[in-house]
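Please have a look at the sequence and the structure first.

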Amino acid sequence: MRRIVTVLGALTVLLVASGCGRRRTEERVQVDVSQGGATSGGQTVYVVGAPAQGAPAAPDFVAQHMNVRYQQFAPDMVPDTPLYHGYLQQGQEESFEAVLEAGRCYRLIGVGGPTMSDLDLFIVDENGNPIAQDTATDNFPVLGVGQDTICPRWTGPFFVRALAYSGYGEYGLQLFRTP
């Protein structure tokens, strides 16, 4: 199945699953996150750092740890996308397209669940030129920190790849930007 999820018009998630003898399908889903979280096709999306008024905090491991990483690595930024939840087997990857705007700086934070021992993140521009990567041996990669800030000179599509280098399980990604 190929599922394309557009969240707040800023992040497109491409989920591709195919195998021998399986028919490929495609699904496009608009996710309304105005109430702080939404479920679409079994994928749950939460907005971290900007919960809707009266909405309960997301009780899961990934959402809780994303909130910790947000406070640690991006307290001066605002969420640009909601928190995307996914699941990867070891060696599996997912690709995402995000439209980044000139004049803003971005930080991308990933959080792996307890069985995801090494989650890696990569971002490239529309021509495939590497912009940033985090391949450290941990399950909370962060792109756009310190001297490796992500401040595009043009508005356009950028592509993020999340890779379960070691381990498996639930993970989350969220893009933050300067106000």
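Predicted model: local features only at pLDDT ≥ 70, side-chain atom pairs only at ≥ 80, totals over all residues.

Does C151 count as buried, partly exposed or exposed? With a relative accessibility of 34%, C151 counts as partly exposed, where buried means under 20% relative accessible area, exposed over 50%, and partly exposed in between, using a 1.4 Å probe and protein chains only.

Residues are numbered from 1 along each chain as its sequence is written, and side-chain values use heavy atoms, with hydrogens and water left out.

Let me stay with that cysteine. A search of the whole structure finds one disulfide, meaning a pair of cysteine sulfur atoms within 2.5 Å, and it joins C151 to C105 with an S to S distance of 1.9 Å. C105 sits in the loop between β8 (93-100) and β9 (106-112), and C151 in the loop between β12 (142-143) and β13 (156-166), so the pair ties together parts that are 46 residues apart in sequence. The torsion about the S-S bond is about 110°, and the disulfide is therefore right-handed.

Turning to the fold as a whole, the secondary structure comes to one helix and 14 strands, where helices (H or I, at least four residues) and strands (E, at least two) are DSSP runs numbered from the N terminus. Of the 179 residues, 46% count as buried. Among contacts between residues at least 6 apart in sequence, 72% join residues at least 24 apart, a contact being heavy atoms within 4.5 Å.

On one side, β10 (residues 118-125) runs antiparallel to β11 (residues 130-134), joined by four bridges; two strands are said to pair if DSSP finds at least two bridges between them. Here F122 has Q133 of β11 as its bridge partner, and in the hairpin of these strands, with four residues between them, G128 takes a positive phi near 85°. β10 is also joined to β13 by eight bridges, again antiparallel, and L119 stands opposite A164 in β13.

What, then, about the interior? The largest nonpolar core holds 21 residues, of which L100, I123 and Y171 touch the most other members; such a core is a set of buried Ala, Val, Leu, Ile, Met, Phe, Trp, Tyr and Cys residues joined through side-chain atoms within 4.5 Å. Two or more residues come from each of β7, β8, β9, β10, β13 and β14 (169-177), and β13 gives the most, with four. Apart from this core lies another, of eleven residues, among them V62, M77, I109 and V111.

A polar atom of the T81 side chain lies 3.1 Å from the backbone nitrogen of L175.

How values were computed: Polar contact = N/O pair within 3.5 Å; in protein donor to acceptor, adjacent residues only side chain to side chain.
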